[in-house]
Amino acid sequence: MASAFLDWERQRRPEIKRSLTELRGKVLLRPIDVTISGIADRIDIRGGGFADIIDYKTGLNPSTSQARSLLDPQLALEAAALFEGAFKSAGEVKPLNLVYVRLRPGDRFSADQVNNEMATRGDSKKSALELATQSVDELGRFVQALQSGERGYVSRLIPAEQNSYGGEYDHLARVAEWSTAEAEEGAGDE
């Protein structure tokens, strides 16, 4: 893994003016009047007023397709924050690439680019800035739906995740306990 990572770094280095790591940011997203804050793993400043946002992962989740469809909007929201000036030491830059760097044992290193506007196939091509804009729009609609009471607060929004009990807040929502109770109730109805 280390040699593959270093090769990737070596290839990128000529295009990168400076790299910023563990960068704190906070910004009010004006169109939706919501403040977001967080820490970017890494932002690489390029020439021409552009930057790449890199998120290190040790596993396969989230997938690039989940990030592109905004089922996992972390990188897209970081891009929106970067564009709005949340990361002060990055300066005024636009997001160019959103990349998951997957650091996995053995020869399983990969750098997966989320934005795909240069792809030769597919009809849902999106740049980093398009993903950023879409993520803010969707966040705004979601917040408005919660505030209006149109949507309730739930611990799991994605049906595909209903049988996964490894989430950060699952213990608070008592997901495993309630899932077991539902299964037991169904068994007695026969």
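Reader: By about how much are F5 and W8 separated in helix α1?

Author: Helix α1 covers residues 2-12. Helices here are DSSP runs of H or I with at least four residues, strands are runs of E with at least two, and both are numbered from the N terminus. F5 and W8 are three residues apart in α1, so their separation is about one helical turn.

Reader: What kind of model is this, and what is the mean pLDDT of the protein chain?

Author: This is a predicted model, where local features need pLDDT of at least 70, side-chain atom pairs count only at pLDDT 80 or more, and totals for chains, interfaces and linings use all residues. Residues are numbered from 1 along each chain as its sequence is written, and side-chain values use heavy atoms, with hydrogens and water left out. pLDDT is the predictor's confidence in each residue, from 0 to 100. In the protein chain 79% of residues reach 70 or more, and the mean is 85.

Reader: Which element has the lowest mean pLDDT?

Author: Start at the other end of the scale: β3 has the highest mean, 97. The lowest mean is 55, and it belongs to helix α6, residues 175-188.

Reader: Are the rings of F5 and W8 stacked, edge-to-face or tilted?

Author: Rings of Phe, Tyr and Trp (its six-membered ring) pair if their centres lie within 6.5 Å; planes under 30 degrees apart are stacked, over 60 edge-to-face, and the rest tilted. The centres of F5 and W8 are 6.0 Å apart. Their planes meet at 35 degrees, so the pair is tilted.

Reader: Which residues do ring pairs link into a cluster?

Author: The structure has four aromatic pairs. The linked residues are F5, W8, Y56 and F109.

Reader: How many bridges join β1 to β2?

Author: Two strands pair if DSSP finds at least two bridges between them. β1 and β2 run antiparallel. S19 stands opposite D44 in β2. The number of bridges joining β1 to β2 is twelve.

Reader: Where is D33, and what is its phi?

Author: D33 sits in the loop between β1 (16-29) and β2 (34-46). This hairpin has four residues between the strands. D33 is exposed, with a relative accessible area of 60%. Its phi is positive, near 55 degrees.

Reader: Is L70 buried or exposed?

Author: Most residues other than glycine have a negative phi. L70 is not a glycine, yet its phi is positive, about 65 degrees. L70 lies in the loop between α2 and α3 (74-83). Its relative accessible area is 9%, so L70 is buried.

Reader: Is the peptide bond from N61 to P62 cis or trans?

Author: Most peptide bonds are trans. P62 lies in the loop between β3 (50-57) and α2 (64-68). Omega of the bond from N61 to P62 is near -5 degrees, and the bond is cis.

Terms used
Buried < 20%, exposed > 50% of the residue type's maximum accessible area, 1.4 Å probe, protein only.
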